[in-house]
Amino acid sequence: MLSRKARLDAHGEDSSYFLGWKEYEKNAYDDVQNPTGIIQMGLAENQLSFDLLESWLASNQDAARLTRNGESVFRELALFQDYHGLPDFKNELVEFMAEIRGNKVNFDPRKLVLMAGATSANETLTFCIAESGDAFLLPTPYYPGFDRDLKWRTGVEIVPIHCSSSNGFKVTKCALEEAYQQAHKLSLNVKGVLITNPSNPLGTTMGRDELNDLIGFAVAKKIHIISDEIYSGTVFDHPSFISIMEALMDRKLQDTDLWSRVHIVYSLSKDLGLPGFRVGMIYSNNETVVSAATKMSSFGLISSQTQYLLSKILSDKKFTRNYMKENRKRLKTRRDMIVAALRDAGIGCLKSNAGLFCWVDMRHLLSSNTFDAEMELWKKILREAGLNISPGASCHCSEPGWFRICFANMSEDTLNLSMQRIKALVGRIQQCRRGRVTHQDSGCNSRRRSFSKWVLNLCSYDREPDR
Amino acid sequence: MAIETDQQPPVGLSRVAVSETHGEDSPYFAGWKAYDENPYDESKNPSGVIQMGLAENQVSFDLLEEFLKQHSEASIWGNKISGFRENALFQDYHGLQSFRKAMASFMEQIRGGRAKFDPDRVVLTAGATAANELLTFILADPGDALLVPTPYYPGFDRDLRWRTGVKIVPIHCDSSNNFQVTPQALEAAYNNAEAMNIKVRGVLITNPSNPLGTTIQRSVLEEILDFVTRKNIHLVSDEIYSGSVFSSSEFVSIAEVLEARNNKGSERVHIVYSLSKDLGLPGFRVGTIYSYNDKVVTTARRMSSFTLISSQTQHLLASMLSDKEFTQNYIETNRERLRKRYGMIIQGLRVAGIECLQGNAGLFCWMNLSPLLETPTREGELALWNSILHEVKLNISPGSSCHCSEPGWFRVCFANMSEQTLEVALDRIHQFMKRRCDKEKLGHV
């Protein structure tokens, strides 16, 4: 009775990524009312700097009250549904985006298309660039939402570019080529590469060499590059962020074909912590894409009420500069906190310089080097430590044992508590294993064989430096 | 096979991106362009083009502004410290519960309490444009068709077809019976689709109708419901103008017809609504899908991730629509003002010698200019439309842009301007008709 799209589960909501959310909803942590509940660490939200926004709003009531110099602009906003977007808002956005990139790049508001969230922007770009049955190459691990956003209604496929811990999950020429060949084997026409830079879930920015390899690849294969730069404002540590536009300009590629095949996706959901307001955008040098995407934005326009509010906030340059600086500082502090606490529990993380999360290495805690073991560990962490974190498998990571843990969507106290819980759990796991090795403890008997196998696997893994 | 560099096709984009199914090359949009280049302004440009092609409701803003003035907490999140923060973080595709409840109850009020709406069946989307597209993705596969009565809202060509790949097969209606849908027309459309090997997945009606400005009679709704049941297909009822019916008793929603049948067979029915017309808030992007089908509700909710309503806006409108006293007064006052406007334009046109379809709803009237056509064809209609645009300086919508099968009908909007501007427009029409009359008289001498 319903369409194929409605009947399939390409929405992706039966994955573990969403199961954890469901458990959390049933038993959510609250420091007063439910201190033993599940702490949500699977949600990449930025809650660290609301106080700054709140105090700005209190001193600038015009913006929310829909007045300009005391005069109501309600009527004009209520009627404003032009898909070209509020001009003031777009002008502020391009300046904001340039500032984030240290003003090394300039953006033209006529090339900016507003959409209700990056979710909408990514899907719209896909509709513009690819046909049903075409493919995008994506480096793994990647944001689980892409499976829905890029594929569901568009019919486009994702072919993974496998990245591994052996080189910090960087994209290599070899991996790009392999992915391209794999698509070819599956009879899929590759239309582009989609990168998330800074990366979700890695929390790292792409280096110049990496970007150059990608550029070379896109030139050779004559394909598009979509750079989702939604976390560009969360770069809190060196190395500094290099936007795809900057990389292209540094190589003087402005007048080449590739220039019109590069598109940026951005949003205010992460940098400003406003996911509810649905502010996303596409920036493209390609006139046809801008034109088509603008018309398509009819299906997901940003509320004019919200465009007005944000144009006012962004127009206060002193505020935004201070906000971004302070926000990055707070993110770094949080990151340092969680990294130290995890280290204390014997857990390492990928060295990060951006994002709202850490990419955590728990391979040593797996009962075997398998995704089943990863799922087992994930469930243990969920049910015994009461923490909802994201297993690498949900991000299509090719190596089991990695997890994404968010650190910016809770108070410091809650973060500390979560770290105590992890430490306690790790302690229990290791005690259990030690127990199995030295005693005939009935409680751990069943795991003995798998423990030994795990140790063997770990050793052999260490002997294969190329993986 | 050598291709000149400067003749190379543009770098590969999708067929959807380069197609013209967005529909923006039609005359419907050319009129907008003429208006944009020379817009009427009472003081600054009194001879400019008056926009009568835009179905907006500007007659009741004062009521909304008054509410906002009295209820600042709706705009500034009140005094709760966590108000802004919680709202800014809220991106749950279920939508703000208080808003869904308020929408459901508003929809009930509009229907005079004659139908009940369950807030858990309300799915929120950024506008009815998104709602219609989303439903089409869910109910039909690429290559399938929806049957839509003509004349219909030109935007459907884009909303239902562009990215979905679904086709529209028209259900032809004509003036012989005031453009009502008949069982014969339904069957004919269905058979037409079958003959083209196209699978029909549903019927989409707009009730009250755009561009006709009329409500669909109960008996016709019953026939349509029986038809879709026989064919085992869906029925989408776009009720975006339900709050713009001039008299409360004349609108019958499909929801009422279903309730009278104890909701039997209701899983095939889905209602689209929006606040763009009734509340005059197209910029805020507030649309909903109300479905009696659980799977459709679940799927639509997930798909709404691509088109969520700003939580800031949900918060504002939850406050407004939960105030039953405000909404009751708004609905009644708005209805009254629209009725008055309608009366004004009909009278003005009649005095100028122009008849309209007897309407009872909407923000426009369906005007019959067929007696003025040089030739009773689409070309004749477009020629007349052009002279009205360039000589009379009024942008109105030609019936052909609405896929009307009879030439000579035009949709004229009356609620998107002040009363004074409407008088100016009517005067211009009057002068135009007088000039034509005089020319004809001269011609006969």
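1. Start with how the two chains meet: 68 residues of chain A are in contact with 70 residues of chain B, contact meaning heavy atoms within 4.5 Å. Keep in mind that this is a predicted model, where local features need pLDDT of at least 70, side-chain atom pairs count only at pLDDT 80 or more, and totals for chains, interfaces and linings use all residues. Residues are numbered from 1 along each chain as its sequence is written, chains are lettered from A in the order in which they are written, and side-chain values use heavy atoms, with hydrogens and water left out.

2. About 6400 Å² is buried between chain A and chain B, and carbon and sulfur atoms give 60% of that. Buried area here is the accessible area (1.4 Å probe) that two parts lose on being put together, summed over both.

3. Four salt bridges are counted between chain A and chain B; the term takes a side-chain nitrogen of Lys or Arg within 4 Å of a carboxyl oxygen of Asp or Glu. One of them joins Arg75(A) to Glu65(B), with the closest N and O atoms 3.1 Å apart.

4. Which helix of chain A gives the most to the side that touches chain B? Helix 7 does, with seven residues. Helices are DSSP runs (H or I, at least four residues), numbered from the N terminus.

5. By class, that side of chain A has 30 nonpolar, 21 polar and 17 charged residues. Asp, Glu, Lys and Arg count as charged, Ala, Val, Leu, Ile, Met, Phe, Trp, Tyr, Cys and Pro as nonpolar, and the others, Gly among them, as polar.

Conventions:
Helix = DSSP H or I, 4+ residues; strand = E, 2+ residues; numbered from the N terminus.
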